Amino acid sequence: MASLDDLKKRITSVKSTQKITKAMKMVAAAKLRKAQESAEKGRPYSDKMHNIILNLSKNINDKENAPKLLAGSGKDNVHLCVVMTSDRGLCGGFNSNITKKAKSYFKKILDSGKELKIVTVGSKGFDQLKRAYKEQIIENISFKESKNVNYFDADKVGKMIIEKFGKGEFDVCTIFFNKFKNVITQIPQEQQIIPLKSEKSDEKNDVVNYEFEPEEDEILNNLLPKNISTQIFKAMLENSASEQGSRMSAMDNATRNAGEMVEKLTIEYNRSRQAAITKELIEIISGAESL
Amino acid sequence: MSDSFNLEIVNPEKLFLSLDNVSEVVVPAFEGDMGILKDHISIISFLKPGIVKVFTGNEKKELYVEDGIIEFSENSLSILTSRIIDIKEIKKDDLRSIMNEANEALKDENLDDQKRFIANQKIDVLNRLS
């Protein structure tokens, strides 16, 4: 059994860990509110953008000559996966959920004999993937310096993807991120951004006939790259809200566990102190009796 | 108000402006300024750097936009833009940094005509503002 001194030390150490996790929880809660707000505020933009593109693509009659970003390169050989994670740890299963999802997708692609290329955004994803997929990772981007998620960072990633697509380096592009549902639940998502999937195309049949100025394809050519940056930006916003939510619940758990541990240790400490006192008493009494 | 329509301006960070009593909006469309009144035909177009003028009753609001896309249908106008600043709130430093950006872009020799045009346009508008 550990001595009294050891127990005392352990209690203090657990208590100070608890203090740290508690503080981190508070910080995450404050950041979460902000991140959640900006994720919600960012939704109208990406929704509107999506709607306009949907309308545009419906108005395009000549599907054969549609821009490549919309229709794809016609092949399905090289897949680019953009795995978006956080730059900081201690946020529960946040990062490993994304990489888990991504890894199962990677396996599917590799098993079907296609080529895989990976871009990681955020250093934690890179750390988790570099061992198994060192050959496939072609780029690692991290925005440690920028305090908040901003559009210009997303734009950088978007431009890079489009440049690679223009050079014919890949045919299909998928992004992985966590969608923020609430503080306890974040859903890892995969979303294909090139070629664009219009999943809801059957729902709305009321096609509005738009006037276009300039021509449809010129607008599309301009809009599609922007849409990619917008989608990445949306993913980044969702991700940052999810990260804070995940960290908050992880830290909440940690604080609670630390509390339990302190309680257990305190009981053990008290018991062994009592035992020591009893032992001393017995010694004194039996000493006195033997006289 | 029977002559008014809805206006929504969004940038990636937030819903920048939302009004439901706009009487006229003038936007710097790519092929020239375009005034939009109620019951305009449905249109999609994109913007070059310039000033968006919003008229609500007797009030007039002027906003600097860098780029963007507009959609008008069923009497609601959406403007999507990556950078938008109210002219009243614009600061000298902002102007200078945007100006520098445009000048930097012009230095690139491989610039295509469209980008060059946009950068020149930007400088033009900024000069008028300052």
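# Chat about chains A and B

Colleague: How is chain B divided into domains?

Modeller: Chain B is divided into domain 1 (5-86) and domain 2 (91-129), with bounds that come from an automatic or database domain assignment. This is a predicted model, in which local features need pLDDT of at least 70 and side-chain atom pairs count only at pLDDT 80 or more, while totals for chains, interfaces and linings use all residues. Residues are numbered from 1 along each chain as its sequence is written, and chains are lettered from A and ligands numbered from 1 in the order in which they are written.

Colleague: And how many residues of domain 1 of chain B are in contact with domain 2 of chain B?

Modeller: Six residues of domain 1 of chain B are in contact with six residues of domain 2 of chain B, where contact means that the C-beta atoms of two residues, placed from the backbone, lie within 7 Å. The domain 1 side has four nonpolar, one polar and one charged residues; Ala, Val, Leu, Ile, Met, Phe, Trp, Tyr, Cys and Pro count as nonpolar, Asp, Glu, Lys and Arg as charged, and the others, Gly among them, as polar. Taken over C-alpha atoms, the centres of these two domains of chain B are separated by 22 Å.

Colleague: What secondary structure does chain B have?

Modeller: Chain B has two helices and ten strands, and from the N terminus on they run β-β-β-β-β-β-β-β-β-β-α-α. Helices (H or I, at least four residues) and strands (E, at least two) are DSSP runs, numbered from the N terminus.

Colleague: What spans does the C-alpha trace of chain B have along its principal axes?

Modeller: The C-alpha trace of chain B spans about 50 × 30 × 25 Å along those axes.

Colleague: Changing topic, which strands of chain B supply the side that touches chain A?

Modeller: In chain B, 21 residues are in contact with 22 residues of chain A, and β1 (5-11), β2 (14-22), β5 (43-47), β8 (68-73) and β9 (76-80) of chain B each supply at least two residues of that side. The largest share, four residues, comes from β5(B). By class, the side of chain B that touches chain A has eleven nonpolar, six polar and four charged residues.

Colleague: Which strand of chain A is joined to β5(B)?

Modeller: Strand β6 (residues 211-213) of chain A is joined to β5(B) by three bridges, and the two run parallel; strands pair if DSSP finds at least two bridges between them. Within that pairing, E211(A) stands opposite I43(B).

Colleague: What about the domains of chain A?

Modeller: For chain A the assignment gives domain 1 (4-21 + 251-289) and domain 2 (39-250), and their C-alpha centres lie 52 Å apart. Four residues of domain 1 of chain A are in contact with four residues of domain 2 of chain A.

Colleague: In what order do the five strands of the open sheet in chain A come?

Modeller: The order is β3-β2-β1-β4-β5 (chain A), with mixed pairing, and the edge strands, each pairing on one side only, are β3 (137-141) and β5 (186-194) of chain A. Strand β1 (residues 78-84) and strand β2 (residues 115-121) of chain A pair in the parallel sense over seven bridges, and V83(A) stands opposite T120(A) in β2(A).

Colleague: Which strands does helix α6 of chain A lie across?

Modeller: Helix α6 (residues 216-289) of chain A lies across β1, β4 and β5 of chain A, running at about 35 degrees to β4(A); axes are lines fitted to C-alpha atoms, for helices over the stretch in contact, and angles run from 0 to 180 degrees between N-to-C directions.
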